[in-house]
Amino acid sequence: MQHVLWKTWKQEELLALQMVLNQEKLFTFRNLLKKILLILSVIGAVLIISFGLNEMIGQKITIQKRTGEENIFHDYKEVTKRKHVSRAINIVRNANWENEKEMQRYADYRFQFPAKNRKGHDKIASYLLWVSSNGENVEIMTDSKKYVKLAKQDAADLYEIITGEALIK
């Protein structure tokens with residue numbers, strides 16, 4: 001009988017020891033999960049902050065609008081959405097620029113964004129934008145007097161980026 005009691009007591013002790021080990025494993029596993037969650041949270045926060053900072057200090061389009069009949073422009077708005085800035089840059093970069101053209105009136109808008117010159121140095125690219133009297137076309141001119149009448153889709157896209165409104169078609 002004493003042998004049976006001893007055996008039962010040993011089994012209970014082993015079970016208790018197993019439970020303690022299982023709890024320690026569970027505790028260690030929970031700590032591991034907490035550490036992983038903390039690391040992922042920090043990585044997520046860094047990505048969100050860097051994306052936000054990139055939006056704030058990254059490229060933007062500064063837009064001025066002409067008011068009245070004189071060639072005087074006033075600050076109108078800034079475009080900071082990456083996809084809009086990229087689209088505007090692509091429109092300007094891929095335009096079929098021609099030599100200087102004499103315009104009949106002052107530009108409706110002036111816009112600028114940071115760019116790189118041929119040597120890779122930062123500069124400000126500045127453009128004047130005219131909307132045709134019928135509201136269907138957009139013409140732009142660089143600060144170096146290069147001119148382009150944009151294709152309809154490019155004109156509509158650029159106008160919407162610059163003004164926030166749809167171009168009349």
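Modeller: Start at Met-141: its bridge partner is Tyr-147 in β6. This is a predicted model, in which local features need pLDDT of at least 70 and side-chain atom pairs count only at pLDDT 80 or more, while totals for chains, interfaces and linings use all residues. Residues are numbered from 1 along each chain as its sequence is written, and side-chain values use heavy atoms, with hydrogens and water left out.

β5 and β6 run antiparallel and share three bridges. Two strands pair if DSSP finds at least two bridges between them. Strands (E, at least two residues) and helices (H or I, at least four) are DSSP runs, numbered from the N terminus. Four residues separate the strands in the hairpin of β5 and β6, and there Lys-145 takes a positive phi near 70°. Lys-145 is not a glycine, yet its phi is positive. Lys-145 sits in the loop between β5 and β6 (147–149). Its relative accessibility is 40%, so Lys-145 counts as partly exposed. The cut-offs: buried is under 20% relative accessible area, exposed is over 50%, and partly exposed is in between, with a 1.4 Å probe and protein chains only.

Now β5 itself. Five of its five residues are buried, so β5 is largely enclosed by the rest of the structure. Val-138, Ile-140 and Thr-142 point one way from β5. Glu-139 and Met-141 point the other way. In a regular strand, side chains alternate between the two faces of the sheet.

Next, the pairing with β4. β4 (residues 122–131) and β5 (residues 138–142) are antiparallel and joined by five bridges. Trp-130 stands opposite Glu-139 in β5. Tyr-127 stands opposite Thr-142. The hairpin of β4 and β5 has six residues between the strands, and its Gly-135 takes a positive phi near 75°.

Ser-126 also lies in β4. Its relative accessible area is 14%, so Ser-126 is buried. Contact means heavy atoms within 4.5 Å. Neighbours within four places in sequence aside, Ser-126 contacts Arg-110, Phe-111, Gln-112, Met-141, Thr-142 and Asp-143.

Aromatic pairs come next. Rings of Phe, Tyr and Trp (its six-membered ring) pair if their centres lie within 6.5 Å; planes under 30 degrees apart count as stacked, over 60 as edge-to-face, and the rest as tilted. The count by this rule is six aromatic pairs. Phe-111 and Tyr-127 form a stacked pair, at 5.2 Å centre to centre with 20° between the planes. Phe-111 belongs to strand β3 (residues 109–116) and Tyr-127 to β4, so the pair ties together parts 16 residues apart in sequence. Both Phe-111 and Tyr-127 are buried. Ring pairs link Trp-97, Phe-111, Phe-113 and Tyr-127 into a cluster.

Helix α2 covers residues 82–93; at 1.5 Å a residue its twelve residues should span 16 Å, and its end C-alpha atoms are 16 Å apart, which agrees. The expected span is 1.5 Å times one less than the number of residues. Val-85, Ala-88, Ile-89, Ile-91 and Val-92 of α2 are buried. They cover an arc of only 160° around the axis, so they lie on the same side of α2. The arc is that of the directions from the helix axis to the C-beta atoms. Lys-83 and Arg-93 are exposed, on the other side of α2.

In helix α3, the buried residues include Ala-155, Leu-158, Ile-161 and Thr-163. Gly-164 follows α3, with a positive phi near 85°. Thr-163 and Lys-77 are 8.3 Å apart, C-alpha to C-alpha, but 86 residues apart in sequence. Lys-77 lies in strand β2 (residues 73–79). Beyond four places in sequence, its contacts include Ile-61, Ile-63, Ile-161 and Gly-164. At 28% relative accessibility, Lys-77 counts as partly exposed.

Last, the whole chain. The chain has three helices and six strands. Their order along the sequence is α-β-β-α-β-β-β-β-α. Of the 169 residues, 27% are buried. Among contacts with a separation of 6 or more, 52% join residues 24 or more positions apart.
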